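Subject: Structure handover

Hello,

Here is the structure you asked about. My notes on its charged side chains follow below.

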Amino acid sequence: MQRLVQRSFMAQATKAKPLHETARAANAVKGRINWSQKLRQDHRLLEALEKLMQQLGPAGSRVPVKNVAKVVPVVGVLISAGMNSAILGRVAADAQRYCQTRFLCEKYGLPLPAALTTDPDDDPRTDAT
């Protein structure tokens, strides 16, 4: 079980960079009124959101910075939720495989594979029950 928990925490680290970039972009547009080329170059997320919003709006319309700034937190939430969902799915699949392996080992009197044992209490042959 410790390995499952450890793997889930390790997987959580993968979302740190995208969320950090989203937070940087949110801070960069905070209080801004005008677009600049440097802002677009430094924060590709802002540039992509601007282009998306231009395509969704009326043809040839200009997208204000404040409108893009309102969407950036939503992007952060979507990134986090999507990655959490994927991580939870992997943890659930790992836990199911672990339980199935443990069940079969107990049923047929086999030792738990070495890769799954982290302490002596996990070996079904040494259980007092």
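R40 is buried, at 19% relative accessible area (buried is under 20%, exposed over 50%, partly exposed in between; 1.4 Å probe, protein chains only). This is a predicted model: local features need pLDDT of at least 70, side-chain atom pairs count only at pLDDT 80 or more, and totals for chains, interfaces and linings use all residues. Residues are numbered from 1 along each chain as its sequence is written, and side-chain values use heavy atoms, with hydrogens and water left out.

R40 sits in helix α3 (helices are DSSP runs of H or I, at least four residues, numbered from the N terminus). Its side chain makes a polar contact with that of E50 at 2.7 Å (a pair of N or O atoms within 3.5 Å; within protein, one must be able to donate a hydrogen and the other to accept it, and residues adjacent in sequence count only if both atoms are side-chain atoms).

There are 7 salt bridges (a side-chain nitrogen of Lys or Arg within 4 Å of a carboxyl oxygen of Asp or Glu). Among them:

- D42 with K38, 2.6 Å between the closest N and O atoms. Both lie in helix α3, 4 residues apart. D42 is partly exposed at 37%; K38 is exposed at 56%.
- D94 with R97, 2.3 Å, N to O. Both lie in helix α5. D94 is buried at 10%; R97 is partly exposed at 46%.
- E21 with R24, 2.9 Å, N to O.

Salt bridges also link R44, E47 and K51 in a network.

Best wishes

Conventions
Helix = DSSP H or I, 4+ residues; strand = E, 2+ residues; numbered from the N terminus.
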